[in-house]
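Hi,

Here is the structure I promised to pass on to you. Please have a look, and then read on for my notes.

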Amino acid sequence: MLERFLKYISYDTQSNDKNEECPSTKGQLELGKVLVEELKDLGIDNAVLDEHGYIYASIEGTVKDAPKIGLIAHMDTALEMPGKCDNPQIIEEYKGGDIILNDKYKLTEEEFPFLKDLVGHKIVTTDGTTLLGADDKAGLSIVMTAAKFFMENRDLKFGDIKIGFTPDEEIGRGADLFDVKKFGADFAYTIDGGPVGELEYENFNAATATIDIEGKAVHPGSAKNVLINALLIAQELNQMLPVNERPEYSEGYEGFYMLDEIMGTSAKVNMIYIIRDFFKESFDGKKNLLKDIVDFLNRKYGNIVELKIEDSYYNMKEKVEPHIEIVDLAKEAITQAGLTPIIKPIRGGTDGARLSFMGLPTPNLFTGGYNYHGRYEIVSVDLMEKSLEVIKNIILNNGKEGK
């Protein structure tokens with residue numbers, strides 16, 4: 001599994017939110033071809049990579065009538081840093097203490113107290129210059145290893161296993177062109193979580209707000225009573241949003257506004273906010289407050305602010321709870337692996353959120369990674385093995401339902 005992981009993270013599969021094509025980068029197709037080849041080498045001859053970068057594969061079960069389980073992971077990496085990790089650091093047995101990434105950066109126990117839980121583990125880190133790619137190439141590695149196990153152990157009782165790998169999850173498009181009917185699962189799990197034991201079936205409702213401010217630019221020497229500085233209007237707008245509803249001041253079930261991008265001059269400014277909240281009423285309230293602020297500024301300055309809000313995904317809880325038995329199946333599998341299930345909301349989103357609303361209930365399972373989307377990303381190989389054990393338990397326990 002580690003060998004697979006190191007191979008996958010060497011591919012540059014960073015997605016690109018500025019490109020409307022799917023997949024948004026060619027590197028995802030390159031890795032996709034490798035994954036399909038590996039699946040076929042395992043004997044899964046039906047594995048296919050479609051023109052949009054989605055991979056579908058199916059392992060025929062050894063029993064009939066058991067529910068068909070889907071395993072899903074994504075191939076792309078986040079935008080915050082370069083996604084090609086060709087110089088990972090492997091610590092065979094972590095002894096504790098700070099981990100030096102390079103001359104400038106290190107992981108400290110003070111800043112990252114979870115490191116104390118990884119003492120004795122084999123861990124992989126970056127060299128401080130790239131992402132590691134555990135989000136979600138750890139998931140890819142775990143699913144591929146599970147596929148190998150069940151192809152080689154057909155004396156065991158299990159139902160059909162559906163495998164799906166998606167592009168562009170990190171830019172919110174991972175489920176856009178996913179063919180649920182073609183996939184053919186009754187339910188699925190995304191293998192795209194973090195610390196050990198985590199099981200998630202609640203996530204943010206999400207929206208993106210794009211704001212364009214057109215000021216009135218004139219020479220500053222003759223600007224009195226004429227100049228409207230778009231940069232200052234942008235600053236005013238941001239100050240009108242609640243300070244305590246920023247991500248750096250929120251946790252648990254608390255939502256937020258995040259100013260994600262701002263570009264422009266005194267003449268024109270573009271702002272992008274992401275809006276997140278677990279509850280529909282307060283989610284709508286956040287969007288309405290932003291609309292009210294824009295209306296106020298337009299009355300004050302004369303219709304110079306344009307706002308566009310697009311919903312991205314919704315809280316999967318309402319679609320998963322009617323099928324709570326799939327959560328219970330995962331909880332039992334985690335307990336069987338000697339772990340305590342940690343059921344918590346995802347302060348983010350996964351393909352599973354969108355897929356649940358497309359008719360495929362899809363909770364999220366842990367991979368053993370931490371500090372995603374930055375140079376401090378780290379994964380425990382021991383915990384990847386635990387994730388694999390949980391998946392095996394889920395599939396074998398589900399197989400008991402068949403004949």
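Let me start with Glu-20, which sits in the loop between helix 1 (2–9) and helix 2 (26–41). Keep in mind as you read that the model is predicted. Glu-20 has a relative accessibility of 66%, so the residue counts as exposed, the cut-off being over 50%. Together with Asp-17, Glu-80 and Asp-260, Glu-20 forms a negative surface patch.

The loop between helix 1 and helix 2 also holds Pro-23. The peptide bond that leads from Cys-22 to Pro-23 is cis, and its omega is near 0 degrees. Another cis peptide bond is found between Asp-135 and Asp-136, where omega is about 10 degrees. Asp-136 belongs to helix 3 (residues 134–152).

Now to the aromatic side chains. The count comes to 15 aromatic pairs. One of them is Phe-204 with Phe-278: the ring centres are 4.4 Å apart and the planes stand at 40 degrees, so this pair is tilted. Phe-204 and Phe-278 come from distant parts of the chain, 74 residues apart. Phe-204 is in the loop between strand 10 (198–200) and strand 11 (205–214), while Phe-278 is in the loop between strand 13 (268–277) and helix 6 (280–301). Both residues are buried.

Phe-278 also pairs with Tyr-253. Here the ring centres lie 5.2 Å apart with the planes at 65 degrees, so the pair is edge-to-face. This pair, too, links distant parts of the chain: Tyr-253 is in the loop between helix 5 (230–240) and strand 12 (256–264), 25 residues from Phe-278. How accessible are the two partners, Tyr-253 and Phe-278? Tyr-253 is partly exposed, at a relative accessible area of 38%, whereas Phe-278 is buried, at 3%.

There is an aromatic cluster as well, formed by Tyr-105, Phe-112, Phe-114, Tyr-370 and Tyr-376.

Asn-371 is not a glycine, yet its phi is positive, at about 60 degrees. His-373 lies in the loop between strand 17 and strand 18 too, and although His-373 is not a glycine, its phi is also positive, at about 75 degrees. Are these residues buried or partly exposed? Asn-371 is partly exposed, with a relative accessible area of 23%, and His-373 is partly exposed as well, with 31%.

Terms used
Residues numbered from 1 in each chain as written. Predicted model: local features only at pLDDT ≥ 70, side-chain atom pairs only at ≥ 80, totals over all residues. Heavy atoms only, no water. Patch = residues over 30% accessible without salt bridge, like charges linked within 9 Å, V, L, I, M, F, W, Y side chains within 5 Å. Areas by Shrake-Rupley, 256 points an atom, 1.4 Å probe, with all protein chains shown as cover. Salt bridge = Lys/Arg side-chain N within 4 Å of Asp/Glu carboxyl O. Lys, Arg positive; Asp, Glu negative; His and termini not counted. Charge placed at Lys NZ, Arg CZ, Asp CG, Glu CD. Helix = DSSP H or I, 4+ residues; strand = E, 2+ residues; numbered from the N terminus. Buried < 20%, exposed > 50% of the residue type's maximum accessible area, 1.4 Å probe, protein only. Phe/Tyr/Trp six-rings, centres within 6.5 Å; stacked < 30°, edge-to-face > 60°.
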